[in-house]
Amino acid sequence: MPDLAPPIDDRLLHVDADGALTLLAARERESGRLVFPAPGDADPGRYESVLLPREGRLWSWTVQRFRPKSPPYAGPEAFAPYAVGYVALGDAIIVEGRLTGAPLDGFAIDMKMRLVAEPFMLESGERRTTFAFAPITEKAA
Amino acid sequence: MSDVYIVGAGIHPFGRTQERTGLQQGVFAVRQALGRAGLDWRDIQFAYGGSDAAGKADTMVSELGLTGLPFINVANGCATGGSAMFGAYSTIKSGEFDLGIAVGFDKHPRGAFDPKPAEWGLPDWYGETGLMLTTQFFAMKIQRYMAMHGITNRTLAAVAEKAFANGALAGHAWRREPVDAETILSSTMVSDPLTKFMFCSPAEGAVALILASEAKAKSLGLPAVRLRAVAVRSRPPGSFEVFSPALDIARGLSPTSIASRAAYEMAGVGPEDVDLAQLQDTESGAEIMHMAENGFCADGEQQAWIAEGRTRIDGILPINTDGGCLACGEPIGASGLRQVYENYVQLTGQAGARQVTGDPRIGYSHVYGAPGVSAVAIVERA
């Protein structure tokens, strides 16, 4: 496995010993409702920590074609458009993230997607790991 | 409990006015509303006002006169104008006062809004990695809607084409030149499937409305509309909103659909009774989806409605008769009141070149914004 840069937020991603990535969420004990991202100050009496499914289907998508304003955007000044989408992870929750693994016009609603690690460079040049979703290709499946 | 009337309205032209602050534009709108109604600031018993980014409304008293009136500042994001009107409406309805004003104004810098994650209860990574953009939300909402309900890019373009055609006829609009559908479709892609001409831009402007009790409205004898309903609603479970890192699998209603139902019930009318509507059109797709969320048609019927021109000024349900946000731009604190201003002007027969014919009686307005709030007002010609 390639060495992953540190997660962009420790409460967002779980990386196991094999380098596999999982998204961290919280489940409200009383209602059973999943919350992503997990609340920063999650009261363990109210929430339990859960790992989200890694696969799902593309629910919607678009392309970010201009560089977002900084702040809040922390990426480098040089900009390349990127795809963004919502992926329905099993019957758990619909999560928003960057899309990768296909050309910008290569996404379609209902495509099978899986969670992947996404390298992210801060304006300072430091590297972080965030998450993205990529189409599950015949070969990978 | 009194019925509530709008007896006067003023507007500062939308767009960019370098020489006036947002507050000065607000003062301009108040003075114009008073002047047109033949009223004096000293006649006004109370005020509600606000802006999202252009200062505190109550400081206007320095310009307008230190009459000691209660002036309540409203800060409710995209629903600031709608909430100011809700406050003024409730105050008169309760019988506390019988003549007041609601004012909304704003002045934003150029380009997309730049929200701060912490102010929205979100972690920094959401903004840092480039997910916190209103444009992405609108694009993804219409992208899915188009796939589910058979709406085409050409229909998106037709909505923007209509907005610019209507804006050309509205003195207060920012974009006063018609733009044809081909130009709209081939303009720069901002967030697929939405091009530059399909999005509104942050802008400047101000609107003031004078509200009166029934007895006061009768004694003044001014052109008036009766406010039959004002409903403000926040988001219900399972709605799809801006700045949502995740959505529940179980999908639900929207703040628009519940505000709309509440307003129809309050007014005792249905969508079939509405003669013209001003619907939140942050981008072309929003107008299309809001047609259904406000009950005017079923999901997917917009495709035929728009092809047949039913939402044009000469159609059976004219929508966004002054060009909406697409032609007027989006000064957050003023947009909701602009819609009511437009309905007031139309129903009192003062809309000039863009006047809806056929003696319109009921006007409907709907504003929507982050983080999931909608305000609906229904007015009737008095």
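Good morning. I begin with one pair of residues: Gln278(B) has Ser365(B), in strand E11 of chain B, as its bridge partner. What I show is a predicted model, with an ipTM of 0.94 and a pTM of 0.94. For chain B the pLDDT averages 95, and 99% of its residues score at least 70.

Let me stay with the strands around that pair. Strand E10, residues 276-279 of chain B, is joined to E11(B) by four bridges, and the two run parallel. E11(B) is also joined to strand E12, residues 373-381 of chain B, by eight bridges, this time in an antiparallel arrangement.

Is strand E11 of chain B, residues 362-369, buried or exposed? Eight of its eight residues are buried, so the strand is largely enclosed by the rest of the structure. Both of its faces take part. Ile362(B), Tyr364(B), His366(B) and Tyr368(B) point one way, while Gly363(B), Ser365(B), Val367(B) and Gly369(B) point the other way, and all of them are buried.

I turn now to chain B as a whole. Chain B contains 13 helices and 12 strands, and 60% of its 382 residues are buried. Its C-alpha trace spans about 55 × 50 × 40 Å along the principal axes. Of the contacts in chain B between residues at least 6 apart in sequence, 77% join residues at least 24 apart.

Finally, the interface. Here 35 residues of chain A are in contact with 31 residues of chain B. On the chain A side, strands E5 (55-64), E6 (82-89) and E7 (93-99) each supply at least two residues. The largest share, six residues, comes from E5(A). By type, the residues on this side of chain A divide into 23 nonpolar, six polar and six charged.

Which strand of chain B is joined to E7(A)? That strand is E9, residues 246-248 of chain B, linked to E7(A) by three bridges and running antiparallel to it. One of the residues involved is Ile93(A), whose bridge partner in E9(B) is Asp248(B).

Thank you for your attention.

Notes: Residues numbered from 1 in each chain as written. Chains lettered and ligands numbered in written order. Predicted model: local features only at pLDDT ≥ 70, side-chain atom pairs only at ≥ 80, totals over all residues. Buried ≥ 20, exposed ≤ 12 C-beta atoms within 10 Å, placed from the backbone. Contact = placed C-beta atoms within 7 Å. Nonpolar A, V, L, I, M, F, W, Y, C, P; charged D, E, K, R; others polar. Pairing = 2+ DSSP bridges. pLDDT = per-residue confidence, 0-100.
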